[in-house]
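I set out to record what I looked up in this model, entry by entry. The entries follow in the order in which I made them.

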Amino acid sequence: MNHCTSEDGLGNCVFYRILHEASHKYLYDLIPTYDYYFNFRNRNRIPNIFCRTEFFRNSFFPSVINEGNKLETGIVNSESFTIFRSTVLKSIRPTPKSIFNISSPLGIKYLTWLRLGLSHLREHKFRHHFNDTLNPLCPCNLEVESVSHFFLHCHFFHNERLDLMNGITNIDPDIHLLDDISISNLLLYGSILYPNEINKKILELSINYILISLKGLFFEMTITLIFSFELKPHSLTFSVSLYM
Ligand SMILES: [Zn+2]
């Protein structure tokens, strides 16, 4: 079946059909014409429609044409709709991220949560409107508790980070030349620059860091619970939610 869903890049599919399929010429004829765009017809592109407002820019024709014009010429000129759709899909859908045969179900679970932005980190919880997360700041109060903060900056995990960074630097001494986001992505996914066995070592180091850090958090939670219970029983609920 040659049809598209919004997940497949519906706008791009419509763009291709407007350009290449006679059965969709009626759509081309519906495109508003403005100034010198009038009577313009190019087999690769449809001129973008001038938009004075965001509302109009997001409407059907302007958004479809704008998105379609971002495609590479080679893709727009695909021989058939099937080839076009397949190429667009590859560019839209992320390729599966490998875990390089690591055998740590718990570690893989936490790593996957971090990859998906669904972890215990406050940036993730705040984004998903957890009731107990009123802001995305880390409990250390330095900055947002993001993946890069967790891996690279939070002073709560200073000692754990020494092992992580020593291990990573042994693999690639130039790692410190990368920016925070690149290092975080390396720790989450590995890199196409390295063979699988090296990527496996990198992810094992990341997982070790994650598990030890979480262990520290749960230990701290226990201590907090004890003190809360002894000093202020009514704060027990708050203390639990702080670290869960
Ligand atoms: Zn922190």
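**Entry 1: overall make-up**

I looked up burial and found that buried residues make up 19% of the 244 residues in the protein chain. I count a residue as buried if 20 or more other C-beta atoms lie within 10 Å of its own, as exposed if 12 or fewer do, and as partly exposed in between, with C-beta atoms placed from the backbone. This is a predicted model, in which local features need pLDDT of at least 70 and side-chain atom pairs count only at pLDDT 80 or more, while totals for chains, interfaces and linings use all residues. Residues are numbered from 1 along each chain as its sequence is written.

I listed 13 helices and zero strands in the protein chain; helices (H or I, at least four residues) and strands (E, at least two) are DSSP runs numbered from the N terminus.

**Entry 2: confidence**

I read the pLDDT, the predictor's confidence in each residue from 0 to 100. Its mean over the protein chain is 77, and 75% of the residues reach 70 or more. Among the elements, helix α13 (residues 236–243) has the lowest mean pLDDT (36) and α9 the highest (96). Over residues 223–244 the pLDDT is below 50.

**Entry 3: cores**

I searched for nonpolar cores, meaning sets of buried Ala, Val, Leu, Ile, Met, Phe, Trp, Tyr and Cys residues joined through C-beta atoms within 7 Å. The largest has 18 residues, and Leu111, Val147, Phe150 and Ile202 have the most contacts inside it. At least two residues of this core come from each of α7 (105–116), α9 (147–153), α10 (158–171), α11 (180–189) and α12 (196–231). With five residues, α12 gives the most to this core. Another core, of 12 residues, lies apart from it and includes Cys13, Phe15, Ile18 and Val64.

I then took contacts as C-beta atoms, placed from the backbone, within 7 Å. Not counting residues up to four places away in sequence, Leu111 touches Leu188, Leu203, Ser206, Ile207 and Ile210.

**Entry 4: helix α7**

I checked the length of α7: at 1.5 Å a residue its 12 residues should span 16 Å, and its end C-alpha atoms are 16 Å apart, which agrees. The expected span is 1.5 Å times one less than the number of residues. Gly117 follows α7 and has a positive phi, near 75°.

**Entry 5: Ser213**

Is Ser213 buried or exposed? Ser213 lies in helix α12 and is buried, because 21 other C-beta atoms lie within 10 Å. Beyond its neighbours within four places in sequence, Ser213 is in contact with Phe157 and Glu160. Ser213 and Glu160 are 53 residues apart in sequence and 6.9 Å apart in space, C-alpha to C-alpha.

Conventions:
Contact = placed C-beta atoms within 7 Å.
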